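This briefing is intended for a reader who has the sequence and the coordinates at hand. It goes through the chain contacts and then the build of individual chains.

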Amino acid sequence: MTRHEHVRNLVLLGLVALGLAFLPHGLSLYLRSFTLFTMMYVVLALSWNIISGFTGYTSFGHVAFYGIGAYACAILVADYRWHWLPTLGVAAGLAALVGVALGYPVLRLKGPYFAIAMLGAAEGTRVVATVWDRLTHGGLGISLPSAETSLETYYAMLVLMVVTIVIAYVIGHSRIGVRLNAIREDEIAAEALGINATRYKLAAFTLSAVFPAVAGGIQAYKVLYIDPPSVFFVQITIAMALMSMLGGKGTVIGPIVGAVLLYTAQEFTWVNFPTAHLIAYGLFIILVARFMPRGLMGFAIDRGWARKGMVH
Amino acid sequence: MERSEIRSLYLLAAFLVCAYAVPFLVGAWVGNVRLDQRWLGNLATVVVSGVMQGGVYAMFAVGLTLIFGVMRIINAAHGEMVMMGAYLSWVSFFYLGVDPLLAMVLTLPIAFLFGVAVQKVLLNAVVGQPELTGLLITFGLGLVMIYTAELIFTTDFRTIPYAPGTVHVTSAIAVGQNRLISFVMAVVISIGVYLFLKLNRLGKAIRATALNAEVAMVCGIDVQRIYVITTGLAAALAVAGGALVSIQFGFNPETGVLYTLQAFAIIILGGRGDYVGALIGGLMLAVLENLVSLMVPNGTAMVELAAYGLMIFVLLIRPGGLMGVKEG
Amino acid sequence: MGSQGDGALTDLGGDAIVLEARNLRKAFGGVRAVDGCSFAIPRGKISGLIGPNGSGKTTTFNLLTGVTTPDGGDVIYRGENLAGHKPYEIFRRGITRTFQITRIFREMTVLENMLSVIAVDVPNRVARARADELIGLVNLTHLRAEYGGRLSYGQQKLLEFARALMTDPDLILLDEPAAGVNRTLLQHLLDHIHRLQASGKTIVIVEHDMNVIMNHCERIFVMDYGVKIAEGPPAEIRSDERVIEAYFGRRRSAEHS
């Protein structure tokens with residue numbers, strides 16, 4: 001992209017951020033919540049995309065980081081009386097550590113095995129959270145004391161989303177992104193071209209772990225109650241993957257669009273069809289995976305509405 | 001064998017010994033281990049029970065490994081097919097008055113056709129795509145199956161009272177009669193499937209395709225047909241597994257999820273498209289689970305953890321799964 | 001091996017050596033693909049590596065470039081033993097390669113293929129300029145924004161060739177550059193290769209096409225059963241008995257040029 005286009009995109013992002021900043025004052029509490037969660041899913045989808053869209057290592061257990069962040073914040077706020085903002089920093093740091101520790105062995109696995117291993121890791125973390133009740137209160141969950149107006153978490157999530165978008169954008173449109181894509185395309189050829197695949201994968205994986213953790217922390221403080229099944233919910237990972245796929249894996253706009261569309265659709269069907277909505281959701285997943293594996297961006301590129309490639 | 005192969009085998013053996021020792025160590029530390037005759041009898045029962053359970057696991061897990069081997073698709077709805085089998089046998093028992101095991105004569109062909117339909121409508125378009133697409137499409141299918149079942153049957157747990165009472169395998173070891181019958185049925189079916197894969201021309205074609213689909217095509221094997229038959233077979237085996245499970249445990253629409261995860265673990269342990277591997281994996285998993293539930297406090301949650309732990313560590317030591325198939 | 005006054009290694013012909021392989025060994029299962037192979041690549045010349053199918057040529061390339069780890073033996077380059085190093089480490093020391101079946105990135109554009117190469121400490125503008133220069137060199141400028149997978153086979157080969165030149169490497173290993181390529185394109189490639197050699201680079205080609213090897217290589221190494229069986233200029237190799245026997249003797253499928 002030319003410099004001109006980069007500036008244009010930055011301005012666009014700024015306008016959207018500004019709009020979202022003024023929005024909550026005119027909205028009902030429900031809509032405010034809805035917007036917050038939409039922004040959260042943008043963060044989640046973009047993060048998942050950094051590891052799974054770019055490098056092709058499909059993480060089927062990314063919710064683990066979300067849950068770790070949620071628990072880190074909840075424990076510190078509820079049991080140790082921290083103010084919630086610094087707990088987000090702890091969540092980020094913890095997620096980075098776990099990302100490196102887990103990523104190093106697990107990224108050696110190929111394709112389907114990596115996916116299953118990550119699923120195992122996420123489920124394993126859930127079980128640990130249930131069992132280690134001295135720390136996590138186990139199945140009882142943690143209730144957080146409420147001291148905020150509903151605006152604090154909104155703005156925190158807005159800031160997180162902007163940061164995530166900027167970082168994903170910078171990576172995606174730079175040579176770093178090109179190299180991550182190269183790893184996905186053909187890891188052996190990539191290494192023969194000088195790319196230290198292990199280091200790049202690990203960096204992408206760790207980075208992709210940090211944002212969901214912070215999001216989980218903000219969410220914990222918003223919802224004021226967490227327990228293992230709710231924060232280590234496998235459907236959250238599915239949502240991340242589906243949103244990225246719907247919008248277009250491996251692009252930057254794709255996950256954003258996918259997150260907004262899917263979350264809105266989900267809320268709409270849940271509100272209007274309370275019993276059948278999960279069946280509709282399942283059907284929707286089937287249709288997207290079957291007919292649009294390259295997502296909306298892929299569709300747009302085929303039609304010539306968008307350019308091929310990320311670096312021009 | 002290459003040097004690194006041998007090294008990883010040793011490492012694996014060492015790890016497995018440790019893995020099986022852990023429940024004992026934890027149990028000893030917590031005080032659950034007693035070295036008297038009665039406790040040892042308990043232990044033996046648990047191990048035998050585990051072996052029997054493993055036989056049933058292996059039977060439905062092999063379907064998953066077949067689908068993975070032949071089409072390289074991870075069927076995230078496999079547990080739901082097992083659940084479907086459980087409900088089918090429940091319906092035949094309570095509404096048709098038919099013995100749930102006898103009902104398999106009817107339900108297995110239905111399951112086969114279901115598998116065929118799933119393959120033609122859903123899976124065929126997804127073969128050859130990255131694993132995410134297959135995972136998502138089967139996950140969607142699983143969701144539809146779970147919540148349709150919920151609509152029809154509600155989330156209440158169902159059980160089938162069948163062959164109650166225990167059988168004494170030896171004087172010290174007693175297992176439930178229903179478990180023994182399940183095991184025998186599983187063995188019969190498994191032997192049948194094993195022989196089919198080994199001796200029958202179609203079965204051999206399936207194994208060939210699982211090893212290398214391109215070469216199979218060149219050898220004149222109609223790979224399309226193999227895909228369809230494999231999925232049908234996998235579905236039938238899953239439903240059979242469900243029937244056998246239904247006479248032992250309670251179930252509801254969501255119990256399939258756990259079975260899917262266990263089947264995943266068995267794929268990892270057992271490699272792709274290999275019956276013996278699935279059997280070994282199933283046995284390993286079931287025995288470990290039973291040992292854990294006997295000796296480790298908080299047994300049920302830890303059982304899940306045991307499955308994941310086993311799976312992850314085996315993967316880390318041998319990235320191609322237990323049977324050592326090198327990927328890529 | 002002798003040594004010139006300035007300490008650079010030379011081989012028996014008095015040429016400076018850029019890379020020396022000593023006693024390389026690699027076995028897969030029970031098959032010894034490379035079984036004690038040694039040779040020295042002369043600097044600044046175009047060398048050929050030939051041999052019947054299964055003689056271990058591509059495996060040797062893989063050993064030299066780190067794609068496969070040798071069971072034994074050394075790879076000496078600029079005084080360093082590169083055996084067992086990872087591919088990206090070897091790449092960064094100035095050795096690049098192409099593959100027998102092209103391994104371009106199919107879902108990335110031509111330009112992105114070029115930019116994926118690690119060129120340390122080079123700012124974006126410089127990298128992009130170099131990429132465009134090389135794309136122009138192989139006449140792919142009009143396809144700059146097209147997906148690699150949409151290129152014709154010949155164009156993909158050219159792309160892979162250009163990609164291997166991004167970092168201005170000293171030693172370039174080409175694995176069957178002529179395979180599946182028409183005469184015109186092949187001539188283009190050979191012109192490029194000669195130009196590279198004229199600018200001081202060293203090139204090694206693995207090939208089955210005897211015309212290419214005999215007419216364009218100054219030195220030829222012949223492998224059979226995992227070892228080097230002959231070495232020398234084309235004229236000598238053409239009439240070398242061991243080579244003839246390796247190709248046409250015993251029960252072998254004849255090579256066609």
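The structure is a predicted model. Two pairs of chains are in contact, and chains A and B share the most contacts. Chain B contains 12 helices and two strands, and 52% of its 328 residues count as buried.

**Confidence in chain B**

- The mean pLDDT of chain B is 83, and 93% of the residues score at least 70.
- Among the elements of chain B, helix 4 (residues 104–123) has the highest mean pLDDT, at 93, while strand 1 (residues 166–168) has the lowest, at 76.
- Where pLDDT is low, the predicted coordinates should not be read in detail.

**Contact between chains A and B**

- Chain B contributes 37 residues to this contact and chain A contributes 35 residues.
- On the side of chain B that touches chain A, the elements giving two or more residues are helix 5 (131–153), helix 10 (256–270) and helix 12 (299–317) of chain B.
- Helix 5 of chain B provides the largest share of that side, with 14 residues.
- Sorted by class, the side of chain B that touches chain A consists of 27 nonpolar, seven polar and three charged residues.

**Contact between chains A and C**

- Here 25 residues of chain C are in contact with 21 residues of chain A.
- Helix 2 (87–92) and helix 3 of chain C each supply at least two residues of the side of chain C that touches chain A.
- The largest share of that side, four residues, is drawn from helix 2 of chain C.
- By class, the side of chain C that touches chain A holds 13 nonpolar, four polar and eight charged residues.

**Chains B and C**

- Chain B and chain C do not touch, although their nearest C-alpha atoms are 5 Å apart.

**Overall build of chain B**

- Read from the N terminus, the order of elements in chain B is α-α-α-α-α-β-β-α-α-α-α-α-α-α.
- The radius of gyration of chain B is 20 Å, close to the 20 Å that the globule rule gives for 328 residues, so chain B is as compact as a globular protein of that length.
- Along the principal axes, the C-alpha atoms of chain B fill a box of roughly 60 × 60 × 35 Å.
- Of the contacts in chain B between residues at least 6 apart in sequence, 77% join residues at least 24 apart.

**Helices 7 and 9 of chain B**

- The axes of helix 7 (residues 201–211) and helix 9 (residues 223–246) of chain B come within 10 Å and cross at roughly 100°.
- From helix 7 of chain B, Leu202(B), Ala205(B), Ile206(B) and Thr209(B) meet Val223(B), Ile226(B), Ile229(B) and Thr230(B) of helix 9 of chain B.
- This contact has six nonpolar, two polar and no charged residues.

**Helix 5 of chain C**

- Helix 5 (residues 153–163) of chain C is largely enclosed by the rest of the structure, because nine of its 11 residues are buried.
- The buried residues of helix 5 of chain C include Leu158(C), Leu159(C), Phe161(C) and Ala162(C), and Lys157(C), Glu160(C) and Arg163(C) are also among them.
- These buried residues pack against helix 3 (110–115), helix 4 (124–137) and helix 6 (183–198) of chain C.

Key: Residues numbered from 1 in each chain as written. Chains lettered and ligands numbered in written order. Predicted model: local features only at pLDDT ≥ 70, side-chain atom pairs only at ≥ 80, totals over all residues. Contact = placed C-beta atoms within 7 Å. Nonpolar A, V, L, I, M, F, W, Y, C, P; charged D, E, K, R; others polar. Axes fitted to C-alpha atoms, helices over the stretch in contact; angles between N-to-C directions. Buried ≥ 20, exposed ≤ 12 C-beta atoms within 10 Å, placed from the backbone. Rg over C-alpha atoms; globule rule 2.2 N^0.38 Å. pLDDT = per-residue confidence, 0-100.
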